[in-house]
Amino acid sequence: MLFNSLGFLAFLAAVSVGFYALPRRWRWVLLLAASYYFYALWRFENLGYLLAATLSAFGCGWAITHSSRPAARKAALVAGLLFNLGLLAAVKYYDFAAGQAALALRAGGLLGPEGDLPRLGLTPPVGLSFYAFSVVTYLVDAYTGRMAGEDDLGRFALYVAFFPKVFAGPIERARTFLPQVALAPGPDAQRIVAGLQLIGWGLFKKVVIADNLAPLVDRAFNRPLYAPPVDLIVGAYLFAFQIYCDFSGYTDIAIGASRLLGFDLLENFRRPYLARSTAEFWSKRWHISLASWFRDYLYIPLGGSRVGGPRRYFNVMAVFVVSGLWHAGLGYGVGWGFMVWGALNGAYQWAGLATAPLWRRAGAALPRVRASGAWHALRVLFTFHLIAFAWIFFRAATVGEAFTILRRIYGALGKLPMMVRLYPFGAAHYTAAALIALLLAVEVLDERRPLAERLAAAPLAVRWALYYAAIFALLILGRWHAQQFIYMQF
Amino acid sequence: MRRFARSAAAFVALGLVLYAAVYGAAEWLVYRTGDANPFYKIATLPERRVDWVILGASHAMPLDFAEFNATMERETDKRIVNLAATGAGVLYNRFVLEQFLESHEAGAVLFVLDSFSFYDRQWNEGRFSDVKLIRRTPLSGSLARRLLAYGLAHGVPLTAALDYLSGFSKINNEERFERDVWEGEAKFERVFRFSQVQDRQRIAYLYPFEQVDAATFERYWAQFADFVAFAKARGLGLVVVKTPIPAHIGAMIPGEADFDARVAAFLAAQGVPFHDFSGVGNDTSYFFDTDHLNRKGLTLFFEQRLKPILAGIPAPAAPRP
């Protein structure tokens, strides 16, 4: 059951009504049952992975909380981390790694021409990357004393399986989620409206924007060797917006659905293409729940920015390469492209760190330029292009195809004006341009003053007109028979 | 919360009014861009009575490409309406015929038979859910009732009736401003360059199974028998034909000889004429894709095989003693 389906909207409505009809102390039971039902609908066998992650983390968390011996606590933490991250590694990466190792061994003569390494042949369960990271936050936070371990298995199971976030996050922290299970507030009109607004906007971004851009993106990336260079350029730009609208659309629906049920999830996107640097993009605006996970559970334990010189550079690159590894998934295949994408973004951070003193000095020398709108816009544009460039490695089927795309675009640059003039732009291109313009207009307005505030202050007629416009855009322009969410495949 | 509920109810009510307006506009577009959809043809057919109704799947559709139907009418002096639809099996064709007879009369039915539709639900019950068909089907109370009845009697997905009645696929039609023609019509004049890869893909698409599911086949065979009985009961003449297909494609179809033999025996017992033209006039230059006749092939097929059949109207069949 996808978020962009009538079935999900009916399911959500039924769960919401049931949730508020039940006495407060039983509400979490309904949510847990609904979450397991929702997850099992995708593939019943996947429940095994979800239960394994839940039980292992709960057991280890219990041991961490109730053991007084430091060694036992540490052993429980290590066991929990090894089990969950090991499960993730085995299911998601082992077959790819074995294939690559076999290739290397054959090339080195250590394996015969027909020789191979054994494979697991497992289908990675949807959402594993997200809930495995969620339980890591619980184990580490319980160990470091940032939260007390949860003694109620049912409530903990709800934290892992909560249906709005189980497939693609946000990667919620146990310490912020679990207290909300106990609260279970009654229905609140403002929260319901806010939740519905987010669900509507999320659906709009997914089925109207992302899924209308998808065919143009696929046209480029599915045949990089033969697509006209203009298609490749258009595809590369549009993919940046497709993946943003697809993933942030999912997140908005997840947060909106949670809000209907009285839960607040982490903010995951904050108008990322308005970032003025790649550091700002990654630390404050894009997939915030994952970025903060890497910050809290990898970067800081490695020493973060407290260490100096080369060690800090190493930490930054480690975070981005591991992030690339985490993203390697099913949708575009497990491949080296994700690692290149991660390393490229790491290299951007290196360049940012290395040139930061220079920019500070330049800014101090030219304060008026630094404060000008034109300089601001230039930085936003430059950052966007760096990010869009890296997305090519993310989206292309292989690193080789990514380089093919870049080589063909580069080769066509001299003839680009003529190519653009002769290119048969059609309704799909104009629709895509209009949708992106609309998206950016909304984001700029939201950046200046939150849209929710603007809506709340607007007259009823304006609010309703906007709601109807969004709903009928969904009905008329939405691609409801299209794809699943990209990030559900990681 | 009570104020909120009242406000929400007003919002929904006004939304429904707006929805009705959008639905009306989408329905208007269905008539403006309509062409190939069988129900559109039924809704806009000026005559109450026709001599021939042509039914079948995509192999029957070229008979209505460009001006070909008008040519056939002129040459045979018969009024012909072609209600074939892509991938339509017996159940869907029966539905179309029933809907046609709700408002019109016919002398006879020419049923263009394909074996693939006997092997899978997607060509029968599944066709009713195809948004490409639903979004071009004009709104009709009798059609909606029949769709619901088929849902209860034959297991046609009720979501198809829901989609049809709500008008969602029409409102959401991304090709709303384009004429409703099957993409094959644009290739009608072409000669196909065959390749083994495409041949294999086509057969794998139409016959994806490794082994025939006997229960499924018998289910659609029984519906075929019902279809014959229905035509007879309504006093319609019935002729069943198979159109030419390239010999090498025919040879790739699993179990086709057995299927043909069973059809021939059954129809002979029913007194229904059966003409298997699959192996005649099937030079590869007569096709615009792997198995659909182009203009040259269709002209030859019509002149040599179909014209004599369409020129007469068979009497309703009676079982042979």
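Biologist: Let's start with α10(A) and α13(A). At what angle do they pack, and how far apart are their axes?

Modeller: In this predicted model, α10(A) and helix α13 (residues 336–365) of chain A cross at an angle of about 115°. Their axes are 8 Å apart.

Biologist: Which residues meet there?

Modeller: From α10(A) you have Thr278(A), Ala279(A) and Trp282(A). On the α13(A) side they meet Asn345(A), Tyr348(A), Gln349(A) and Gly352(A).

Biologist: And how many of those are nonpolar, polar or charged?

Modeller: The contact of α10(A) with α13(A) has three nonpolar and four polar residues, and no charged ones.

Biologist: Is His287(A) buried or exposed?

Modeller: His287(A) is buried, because 23 other C-beta atoms lie within 10 Å, and 20 or more is enough to count as buried.

Biologist: Let's zoom out. How many helices and strands does chain A have?

Modeller: Chain A comes to 20 helices and zero strands.

Biologist: How is chain A divided into domains?

Modeller: There are domain 1 (21–187), domain 2 (192–228 + 242–269 + 427–490) and domain 3 (277–423). For domain 2 and domain 3 of chain A, the C-alpha centres lie 24 Å apart.

Biologist: What radius of gyration does chain A have, and what would a compact globule have?

Modeller: Chain A has 24 Å, which agrees with the value near 23 Å that a compact globule of 490 residues would have. The C-alpha trace of chain A spans about 75 × 70 × 55 Å along its principal axes.

Biologist: What percentage of chain A counts as buried?

Modeller: Of its 490 residues, 39% count as buried. As for contacts in chain A with a separation of 6 or more, 73% are between residues 24 or more positions apart.

Biologist: Switching to chain B: how many helices and strands there?

Modeller: Chain B has 13 helices and five strands. Its radius of gyration is 21 Å, close to the 20 Å that the globule rule gives for 321 residues, so chain B is as compact as a globular protein of that length.

Biologist: What does chain B span along its principal axes?

Modeller: The C-alpha trace of chain B spans about 75 × 45 × 45 Å. Buried residues make up 37% of this chain. For contacts in chain B with a separation of 6 or more, residues 24 or more positions apart account for 84%.

Biologist: Which residue of chain B other than glycine has a positive phi?

Modeller: Asp77(B) is one of them, with phi near 55°. You'll find Asp77(B) in the loop between α3 (68–76) and β2 (80–82) of chain B.

Biologist: Buried or exposed, that Asp77(B)?

Modeller: Asp77(B) is exposed, with 9 other C-beta atoms within 10 Å. Asp283(B) also counts as exposed, with 12 C-beta neighbours inside 10 Å. Asp283(B) sits in the loop between β5 (274–276) and α13 (295–311) of chain B.

Biologist: How far is Asp283(B) from Ile134(B)?

Modeller: C-alpha to C-alpha, they are 36 Å apart in space, and 149 residues apart in sequence.

Biologist: What about Val228(B), where is it found?

Modeller: Val228(B) is in helix α10 (residues 214–233) of chain B. Val228(B) is buried, with 21 other C-beta atoms within 10 Å.

Biologist: What does Val228(B) touch?

Modeller: Leaving out residues up to four places away in sequence, Val228(B) touches Leu238(B), Gln270(B) and Val272(B). Val228(B) and Pro138(B), 90 residues apart in sequence, are 27 Å apart in space, C-alpha to C-alpha.

Biologist: Now the contact of the two chains. How many residues come from each?

Modeller: Chain A gives eleven residues and chain B gives nine. On the side of chain B that touches chain A, helix α1 (residues 2–33) gives the most, with five residues. By class, that side has seven nonpolar, two polar and no charged residues.

Biologist: Last one: what confidence scores does the predictor give?

Modeller: The complex gets an ipTM of 0.81 and a pTM of 0.85. Chain B averages a pLDDT of 92, and 98% of its residues score at least 70.

Definitions and conventions: Residues are numbered from 1 along each chain as its sequence is written. Chains are lettered from A and ligands numbered from 1 in the order in which they are written. This is a predicted model: local features need pLDDT of at least 70, side-chain atom pairs count only at pLDDT 80 or more; totals for chains, interfaces and linings use all residues. Two residues are in contact if their C-beta atoms, placed from the backbone, lie within 7 Å. Helices (H or I, at least four residues) and strands (E, at least two) are DSSP runs, numbered from the N terminus. Ala, Val, Leu, Ile, Met, Phe, Trp, Tyr, Cys and Pro count as nonpolar, Asp, Glu, Lys and Arg as charged, and the others, Gly among them, as polar. The radius of gyration is taken over C-alpha atoms; the globule rule is 2.2 Å times the number of residues to the power 0.38. Domain bounds come from an automatic or database domain assignment. pLDDT is the predictor's confidence in each residue, from 0 to 100. Axes are lines fitted to C-alpha atoms, for helices over the stretch in contact, and angles run from 0 to 180 degrees between N-to-C directions.
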